[in-house]
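The sequence and the model are shown first, and the description follows.

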Amino acid sequence: MKKYWGILLTAFMVLLLAACSSTATGEKNGYPSKPIEIVVPAGAGGDTDLNTRTLAKYLEKELGTSLVVSNVTGSGGTVGVSKVLDATPDGHTVLAFHNSMLLNDIYGLSDQSIEDFKFAGTGVLDQANTFVVSKDSKFKTLEELIEYAKANPKKVTVATEMGSMTYIQVMEFQQKTGVELNIVDIGGASDKLTALLGGRVDILPTSLGFVKSYLDSGDFVSLGILAEERLESAPDVPTFKEQGVDMTIDKVYYWGFPKDTPDEVVQTFSEAMEKVVANEEFQEEIRQYWVEPVFLNSEETQTKLQELYDHYETVKNTAE
């Protein structure tokens, strides 16, 4: 009898430890029950891909399962977004994207909107958006660019992708400064980078983190960042605002599920994200790319995206 009770007690302890382990890794209500696919609607090697993979690496530990990042490109991100919306809403297919989905909606490139999603939250904010030029450029400052562009309408070429983050930046820059630029639809982040390296464009709107190695080597020069204040990690790079152009851009890296996904699944993922963003190792690693580890929960992410949507719509309507 004592042996029987001993076996029973041992079995109970094993089940208790398993339950505790499940809770620690986020396996609530059977979720996750298999590897999770993270769909990035942008090419490999870009800033979106880099930020997603960094956060995903830490999320694996919190959720207790593998996170497989899939780069699904096409139509400014709409192909990747469609893949998530068409997936079974069980929490095992997640969208990792940014403001471009809002712009695709505003410019009529898709009928996908923030209303189609439940957001787990935001893990990274990029306030290091910039205009960069090659080291041999005639422009060394934002003032020189503006002065030349006013005297030579549509002579300054800018690499962008129609309906993208860079596109709306360029549109707003033209409105704020009164210049007319030659806006060239190049493609994704890597394509735009190649265009500047090859001398096919004069200006590359991008993120400091994406071109960090070129800035460090001196091959590229930043004309300023679209932020309220200078970055601690890049104190020598002035803001557009201090150079007389009142523009700021927040690139919000959010994670979302189809709207029919169970709330408890979204909450489990959201709690895991919050733990990752509070992790000092993650904070140190992600800051190497000149972005900030900032956690916004589901409601805060929804509110932030709606604010951005309203602003972009105003910029678009003003340009028309």
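The lining of the largest cavity comprises 7 nonpolar, 2 polar and no charged residues. The model described here is a predicted one. This cavity has a volume of about 40 Å³, and the structure holds 2 cavities of 30 Å³ or more.

The residues that line the largest cavity are Asn51, Thr52, Leu55, Ala96, Phe97, Val124, Tyr253, Tyr254 and Trp255. At least two residues of this lining come from each of three elements: helix H2 (47-63), strand E3 (93-97) and strand E10 (251-258).

The second largest cavity has a volume of about 30 Å³. Its lining consists of Asp47, Leu50, Asn51, Asp126, Ser207, Gly209, Phe210, Tyr289 and Val291. Helix H2 provides the largest share of this lining, with 3 residues. Asn51 belongs to the linings of both cavities. The table sets out the volumes and the classes of the lining residues.

| Cavity | Volume | Lining by class |
|---|---|---|
| Largest cavity | about 40 Å³ | 7 nonpolar, 2 polar, no charged residues |
| Second largest cavity | about 30 Å³ | 4 nonpolar, 3 polar, 2 charged residues |

**The open sheet**

An open sheet of 3 strands has the order E8-E5-E9, and its pairing is antiparallel. Strand E8 (204-207) and strand E9 (220-225) stand at the edges with a single partner strand each, so one side of each is left without a neighbour in the sheet. From one strand to the next, the twist averages 40°.

Strand E5 (residues 129-134) pairs with E9 in the antiparallel sense over 4 bridges. Ser134 has Phe220, in E9, as its bridge partner. Helix H7 (residues 189-197) packs on the sheet and touches E5, E8 and E9. The direction of H7 makes about 130° with that of E8.

The loop between E9 and E10 contains Lys241.

Apart from neighbours within four places in sequence, Lys241 is in contact with Ala227, Glu228, Asp246, Met247 and Thr248. Ala227 and Lys241 lie 14 residues apart in sequence, and the distance between them in space is 7.6 Å, C-alpha to C-alpha.

Notes
Residues numbered from 1 in each chain as written. Predicted model: local features only at pLDDT ≥ 70, side-chain atom pairs only at ≥ 80, totals over all residues. Heavy atoms only, no water. Pairing = 2+ DSSP bridges. Axes fitted to C-alpha atoms, helices over the stretch in contact; angles between N-to-C directions. Contact = heavy atoms within 4.5 Å. 1 Å grid on protein atoms, 1.4 Å probe; cavity = no way out; pocket = protein on both sides within 12 Å on 5 of 7 lines; lining within 4 Å. Points joined across faces, edges and corners; volume = space filled by probe spheres on them. Nonpolar A, V, L, I, M, F, W, Y, C, P; charged D, E, K, R; others polar.
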